[in-house]
Amino acid sequence: MPETILIPPAGEVGEQSGSPAGTNPAGARPARKRPKRGHEKGRPLWMLLPGGILMLLVIVVPLIVAVLMSTLDLDQYTLQSWLQAPFIGLQNYFEAITSSSLLRSIGISVSFAVIAAVVTMPIGLAAALATQNKFRGRALIRSLFLIPYVLPAFVVGTLWRTMLQPGGVVDSTLGTLGVHPGLWLNGPLSYWSLIIVQIWTSWPFFYLLVLAGLQSVDHEVHEAAALDGATWWIKLRDVILPYLRGPIFLALIIAFLHNINAFTLPFVLFGVPAPVDVDVLPVLTYVTSFQSFRFGLSAAMAICSLILIAIPLFVYLRAVKLDSGEEEKR
Amino acid sequence: MRSRIALGAVAGLAAIGLALTGCSSSNSGSSSSGGLDGKGKTLDVMIAANALYPTEQQQWFKDVSAQFQKETGATVKFETFASANDELTKIQTSVLSGQGPDIYDLGTTFTPTAYSTGAFVKLTDDDWKKIGGRDRFVPATLGISGPDEKNEVGIPFLSRPFVMAYNKDLLKAAGIDKPADTWDGLADQAKKLTTGDVHGMAIAYADSFDPWKFVWAMSMQQGNTILDLQNKKATIDDPAVKKAYQTYFGWLTDDKIVDPAAIGWKNAQAVAAFASGKAAFLPMVSSSSQVSLDKSGVAGKYAYAVMPTIPPGETSLPSDGKAAATIISGDNMVVAKYSKNQDLAFSLVKMLTSTDNQVKYTKTFGDLPTNADAAKQIEQGNQLIAPILDAGTKAYGTPFSGAWGDTQLALVNVVVQSIPSLSSGKVSSSDLDAKLTAAQNTAQSSLNKAK
């Protein structure tokens, strides 16, 4: 009997929070009727025109230009009349993959993004659960939690750079404990410095999304669990977490995308040229473009990273059912 | 229905209009020019924002515009950029669209890159006359205006040579009367000066620019120009360059005359260490360091000197060596080819590089004049500045090639990737060789593409 009470209405949660809900075994959501063909005719589709044109100018045109650029031998010498720059087909892609550090950078970026996203999950979850129940000073704690997230990446980078310097606060504190880990901002440890700082600055994002998810857990469910004598762990595992599956999944994907696109933080923390262990994709693309002036090559790198980002983005779009195909099928 | 379509079309056009306004905003003052009657015209000048003197810079903008209006009738509109990246973005946009600022104020080492875009006016004899003649400038400042005298784009506007600051009190206490003129001698002096928490030298190993300037200078003094433009060959995989790196690293690992924390220092931190009296020598600073040093504990206790010009391991300059005291550092002004007010632009540059204006500029901002007369005036009775002006006359240009940007980056990269070894106390010879080979390949492939 208790089991039936403990199953959350996952579908509804997803609807309310606008997040990717889990499957809806109960089929609680009423099937949406498709409008009839006749009504489609009268729809004022022309009203989409301004937005459509803007989208064309802001997204599609630059994308096409980027693809075009990636096929040209475009550098400082050919920039002035860039359309006349020699067409070299896929050579930039070939060079990016075979003789630049692109693949290495992809490896660093992806692993860093995944680790940072996965580690922030339990931290954000714990923080959200800790501030779920009312207590004195809760508003203050909730505001304090947001500080790392609202600080600009530039400030976070400068702050941590100062702390992690050789002989800085971190080194001297660890030194008093007898720990001497070595360099934080260069060498193998720098990779972990980047992850630590990214986690420090981005966990409140998880916290926020989980907190929003928690608001949608019905009060009755808490009561029912309490009446059934569920311990906190069972309550968390079997009652709360199923509600949060949607928000957590969404937060994981968005956090991954944020991390993989992070430019300011590694740029400020390590500078350019970046130490090999933290030569992340956005920094590599930047250096190729603005220090080596190989605009064609960097466009090819950017397209490669776009494809890389498109994979989780696709998963995300499927999950939140923003792609119309899914909507139609339902 | 028809009116709806019309409304949609208007909305669409409005959107396109909105999106396109951004492209045309910087087109002011592009009306056709004739002679030097600039009445009603506006010149656009792109210049670096002065972080040290922001208020004074704003005042200077107003003064320049007022003076120019008095002289020609035209006004001057200044745009500032905060970083080299900002500047480059602006140049790219302008180069692509064929409109934008009439004059750009560029860093000297960026001049070869700007030249290679082909977007700036190559100065003819006639153009130089309009600026007041090539001979009004300190000759060394012209060394990075173009690949040769016939193909110059950059007009020297201000000079910022690199020198070495030293703590007079510390040197006196150690019985040293003046800094050595050889790198070996300087290291020996620094060893004497290293006691307790005071170190002989303050070096910014983690700076994005300083390291290549040391390596370049020491290589030049051994006769290696890093890029051999005549034979289109990079020469980084050469014993001279290796010697330069070994000396630079050796200060920390072998001589132990540098604070070990310096592997994380940027230039500002090295200046701060010197300013707090924790270092005796501070090589690779410009006259702008005066601002912070005069406010610090070493105010009145420091002086500047030309950096050694005799390479490591030598007691005199080798026959093929060049006594490079500093790179030609400072700002050059370039006039855009697309500018429709080129004559007016030259006349503004003439005004800005006049003796009076250059002296006034130096007194306000601390950067040194490129105008020879102005430099003489400034030097008189200013002991502190004299060695900096002296260094300016002993300056050599970095190779004038579009490949220099990449080469410079590769040279710094050798240091960046060596920091972990540096921290553990030794950069091995084989390790350094591998990194130099990588840098050589980068520089060579960039040079192969150079046109």
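The points below concern a predicted model and take up the interface, a glutamate site, the aromatic pairs and the backbone in turn.

1. Extent of the interface. The contact between the two chains draws on 34 residues from chain A and 42 residues from chain B. About 3,300 Å² is buried between chain A and chain B, and carbon and sulfur atoms give 63% of that area.

2. The rule finds 2 salt bridges between chain A and chain B. One of them joins A:Asp75 to B:Lys449, with the closest N and O atoms 3.7 Å apart; this pair counts as a salt bridge because the cut-off is 4 Å. Also across this interface, 9 residue pairs are in polar contact, with both residues at pLDDT 80 or more.

3. Which elements of chain A supply the side that touches chain B? Helix H4 (49-69) and helix H14 (281-290) of chain A each provide at least two residues of that side. The largest share, 5 residues, comes from H4(A). Sorted by class, the side of chain A that touches chain B holds 22 nonpolar, 8 polar and 4 charged residues.

4. A glutamate in a loop of chain B. B:Glu152 is located between helix H5 (125-131) and strand E4 (155-159) of chain B, in the loop. Is B:Glu152 buried or exposed? Its relative accessibility is 2%, so B:Glu152 counts as buried. The side chain of B:Glu152 makes a polar contact of 2.8 Å with the side chain of B:Arg134. Beyond the neighbours within four places in sequence, the residues in contact with B:Glu152 include B:Val121, B:Leu123, B:Trp128 and B:Leu142, and B:Arg134 is also among them.

5. Aromatic pairs. Over all chains, a search of the whole structure finds 34 aromatic pairs. A:Trp232 and A:Trp233 make up an edge-to-face pair, at 6.0 Å centre to centre and with 70 degrees between the planes. A:Trp232 is exposed, since its relative accessible area is 66%, while A:Trp233, at 43%, counts as partly exposed. In chain B, the pair of B:Phe214 and B:Trp251 is likewise edge-to-face, with a centre-to-centre distance of 5.7 Å and an angle of 80 degrees between the planes. Because B:Phe214 lies in helix H8 (residues 210-221) and B:Trp251 in helix H9 (residues 239-253) of chain B, this pair ties together parts that are 37 residues apart in sequence. Both B:Phe214 and B:Trp251 are buried.

6. An aromatic cluster. B:Tyr53, B:Trp60, B:Phe61, B:Phe78, B:Phe157, B:Tyr361 and B:Phe365 together form one aromatic cluster.

7. A cis peptide bond. Between A:Val272 and A:Pro273 the peptide bond is cis, with omega near -5 degrees. A:Pro273 is found in the loop between helix H13 (264-270) and H14 of chain A. H14 of chain A also supplies at least two residues to the side that touches chain B.

8. Positive phi at non-glycine residues. B:Ile226 is not a glycine, yet its phi is positive, at about 70 degrees. B:Ile226 lies in the loop between H8 and strand E7 (227-228) of chain B, and counts as buried because its relative accessibility is 0%. B:Lys256, again not a glycine, has a positive phi of about 50 degrees. The loop between H9 and helix H10 (267-275) of chain B holds B:Lys256, which is exposed, with a relative accessible area of 54%.

Terms used:
Residues numbered from 1 in each chain as written. Chains lettered and ligands numbered in written order. Heavy atoms only, no water. Contact = heavy atoms within 4.5 Å. Buried area = accessible area lost by both parts, 1.4 Å probe. Salt bridge = Lys/Arg side-chain N within 4 Å of Asp/Glu carboxyl O. Polar contact = N/O pair within 3.5 Å; in protein donor to acceptor, adjacent residues only side chain to side chain. Helix = DSSP H or I, 4+ residues; strand = E, 2+ residues; numbered from the N terminus. Nonpolar A, V, L, I, M, F, W, Y, C, P; charged D, E, K, R; others polar. Buried < 20%, exposed > 50% of the residue type's maximum accessible area, 1.4 Å probe, protein only. Phe/Tyr/Trp six-rings, centres within 6.5 Å; stacked < 30°, edge-to-face > 60°.
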